Amino acid sequence: YFDLIGTEAVKLGIRHMRHIPNLLSGSRIVVSFITILFLFQLLGSEFQFINTQISSLWIAFTLCVYAGVSDFLDGFIARKFGFTSAEGANLDQWADKIWSWPIITSLTILAVIPWWLFWVVAFRDMGVLLLRRRLQKKGEALNVSFFGKLKAALLFVYICVSVLLLMDTSLANLHFLFTIVIACMVGGSGIHYFLRDCKKLK
């Protein structure tokens with residue numbers, strides 16, 4: 001009897017866990033706009049937390065780290081427990097874009113990310129989006145490659161380093177080199193997708 005209750009409790013817990021990946025994805029959208037407030041220091045430059053003064057930029061950095069960790073966890077949990085779905089995958093993709101683009105735009109306005117890189121990322125994302133839409137019309141899918149996943153991971157790290165640069169200008173040389181690497185990765189991943197999937201459009 002007690003074993004049966006325990007089994008049912010586990011099943012109920014797993015059913016409720018099904019919503020965790022989507023909640024994590026959705027939280028990144030909310031975190032995006034909160035991060036912008038701290039980046040521009042619209043809520044103040046420092047905050048008191050347990051007798052410690054915390055810079056608003058440190059809070060922005062922490063929120064960026066949370067976004068990256070949640071991006072990993074939502075996919076990991078979905079795959080681990082069999083919660084994957086087309087809707088969840090779409091939400092995850094849109095959450096990534098809705099999180100990253102306001103942050104990238106804000107850092108560009110703050111003169112941390114150069115405008116030329118902003119446009120490289122913009123044209124790449126728009127091109128891949130158009131390619132995905134055309135493939136969908138033909139009943140094909142644009143599968144994310146390892147190259148694309150590596151680009152996304154490096155772009156996340158680059159955003160975090162860019163926020164740190166606002167607090168520590170000694171990172172300028174590292175940030176410059178990272179900017180070149182990211183530009184190559186972003187452009188290269190876009191070219192990779194077009195070379196790999198354009199033949200599906202014929």
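A: A salt bridge is a side-chain nitrogen of Lys or Arg within 4 Å of a carboxyl oxygen of Asp or Glu. The model is predicted, so local features need pLDDT of at least 70, side-chain atom pairs count only at pLDDT 80 or more, and totals for chains, interfaces and linings use all residues. Residues are numbered from 1 along each chain as its sequence is written, and side-chain values use heavy atoms, with hydrogens and water left out.

A search of the whole structure finds seven salt bridges. One of them joins the side chains of Arg28 and Asp74, at 2.8 Å from N to O. This pair links distant parts of the chain, since Arg28 belongs to helix H2 (residues 20-39) and Asp74 to helix H3, 46 residues apart; helices are DSSP runs of H or I with at least four residues, numbered from the N terminus. Both Arg28 and Asp74 are buried, where buried means under 20% relative accessible area, exposed over 50%, and partly exposed in between (1.4 Å probe, protein chains only).

Another salt bridge pairs Lys97 with Asp125, whose closest N and O atoms are 3.2 Å apart. Here too distant parts of the chain are linked: Lys97 lies in helix H4 (residues 86-109) and Asp125 in helix H5, 28 residues apart. Lys97 is partly exposed because its relative accessible area is 31%, whereas Asp125, at 13%, counts as buried.

The side chains of Asp197 and Arg196 also meet in a salt bridge, 2.8 Å from N to O. Asp197 is buried, with a relative accessible area of 0%, while Arg196, at 24%, counts as partly exposed. Finally, salt bridges that share partners join Arg28, Asp71, Asp74, Asp92 and Asp96 into one network.

Conventions:
Helix = DSSP H or I, 4+ residues; strand = E, 2+ residues; numbered from the N terminus.
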